[in-house]
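Please consult the sequence and the three-dimensional view below while reading.

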Amino acid sequence: MSSINSFDILKICGLAIVSIIVLTVVKQLKNEFVLVTRLAVTAVFITIIITLCIPIYNYIAKLTESVAISQYVTLILKGTGIAIIVKVCSDICHDMGEDSVASYVESIGKLTLLIMSIPLIEEILSVIKELIK
């Protein structure tokens with residue numbers, strides 16, 4: 001599994017600072033292009049996040065392909081992915097001044113995670129029932 005090194009982190013932080021500078025300049029010169037610029041910056045960082053997550057997913061999938069708990073690991077990975085997507089979307093909504101939409105997205109994300117976890121909750125309750133008997 002490849003890992004990110006400190007130089008990569010410095011490049012990502014540099015990209016973030018340059019992005020902020022570009023956004024500030026665009027806001028001062030042509031305020032109507034700020035939304036498009038923010039979306040472009042967001043797309044770049046989402047691409048970086050996905051690129052970093054792929055090796056992690058592949059590594060975990062390789063470890064769990066023959067293990068009986070692979071369904072639980074898959075559930076955890078899907079839940080983590082949903083949480084990241086909801087967080088990014090919510091932050092974008094907050095940045096655009098749409099706090100109520102951000103709250104709706106967060107609520108829907110939480111409900112989605114709860115619904116996804118129902119089979120796991122049922123399995124835990126089933127094990128508890130067996131242990132009580």
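Asp 91 forms a salt bridge with Lys 87, and the closest N and O atoms of the pair are 3.2 Å apart. A salt bridge here is a side-chain nitrogen of Lys or Arg within 4 Å of a carboxyl oxygen of Asp or Glu. The model is a predicted one, in which local features need pLDDT of at least 70 and side-chain atom pairs count only at pLDDT 80 or more, whereas totals for chains, interfaces and linings use all residues. Residues are numbered from 1 along each chain as its sequence is written, and side-chain values use heavy atoms, with hydrogens and water left out.

**Salt bridges**

| Asp 91 | Lys 87 | 3.2 Å |

Asp 91 and Lys 87 are separated by about one helical turn, because they are 4 residues apart in helix H3. Helices are DSSP runs of H or I with at least four residues, numbered from the N terminus. With a relative accessible area of 31%, Asp 91 is partly exposed. The accessibility classes, computed with a 1.4 Å probe on protein chains only, are buried (under 20% relative accessible area), exposed (over 50%) and partly exposed (in between).

Lys 11 and Asp 8 are 3 residues apart in helix H1, so about one helical turn separates them. Lys 11 is partly exposed at 46% relative accessible area, and Asp 8 is also classed as partly exposed, at 24%. In the pair formed by Glu 130 and Lys 133, Glu 130 is exposed with a relative accessible area of 52%, and Lys 133 counts as exposed at 78%.

**Pockets**

A pocket is defined on a 1 Å grid over the protein atoms alone, as an open set of points where a 1.4 Å probe fits, with protein on both sides within 12 Å along at least five of seven lines; its lining residues have an atom within 4 Å of a point. Grid points are joined across faces, edges and corners, and a volume is the space filled by probe spheres set on the points.

The largest pocket has a volume of about 400 Å³. Its lining comprises 14 residues, and those closest to the centre are Ile 49, Ile 50, Cys 53, Gly 81 and Ile 84. Helices H2 and H3 (70-95) each supply at least two residues of this lining. By class, the lining of the largest pocket has 11 nonpolar, 2 polar and 1 charged residues. In this classification Ala, Val, Leu, Ile, Met, Phe, Trp, Tyr, Cys and Pro are nonpolar, Asp, Glu, Lys and Arg are charged, and the others, Gly among them, are polar.

The second largest pocket has a volume of about 320 Å³. Of the 17 residues that line the second largest pocket, Arg 38, Val 41, Thr 42, Ile 92 and Asp 95 lie nearest its centre. Helices H1 (6-29), H2 and H3 are the elements that give two or more residues to this lining, and H2 gives the most, with 8 residues. The lining of the second largest pocket divides into 12 nonpolar, 2 polar and 3 charged residues.

Thr 37 lies in helix H2 (residues 34-64) and counts as buried because its relative accessibility is 17%. The side chain of Thr 37 reaches the backbone oxygen of Phe 33 at 2.7 Å. Contact means heavy atoms within 4.5 Å. Not counting residues up to four places away in sequence, Thr 37 touches Val 22, Leu 23 and Val 26.

Val 34 also lies in helix H2 and is buried, at 7% relative accessibility. Leaving aside neighbours within four places in sequence, Val 34 is in contact with Leu 23, Val 26 and Lys 27. The C-alpha atoms of Val 34 and Thr 24, 10 residues apart along the chain, are separated by 8.6 Å.

Lys 27 is placed in helix H1 and counts as partly exposed at 49% relative accessibility. Lys 27 and Asp 99 are 72 residues apart along the chain, and their C-alpha atoms are separated by 21 Å.

Leu 15 is likewise in helix H1 and is partly exposed, with a relative accessible area of 31%. Leu 15 touches Val 44, Phe 45 and Ile 48, not counting residues up to four places away in sequence.

Key:
Polar contact = N/O pair within 3.5 Å; in protein donor to acceptor, adjacent residues only side chain to side chain.
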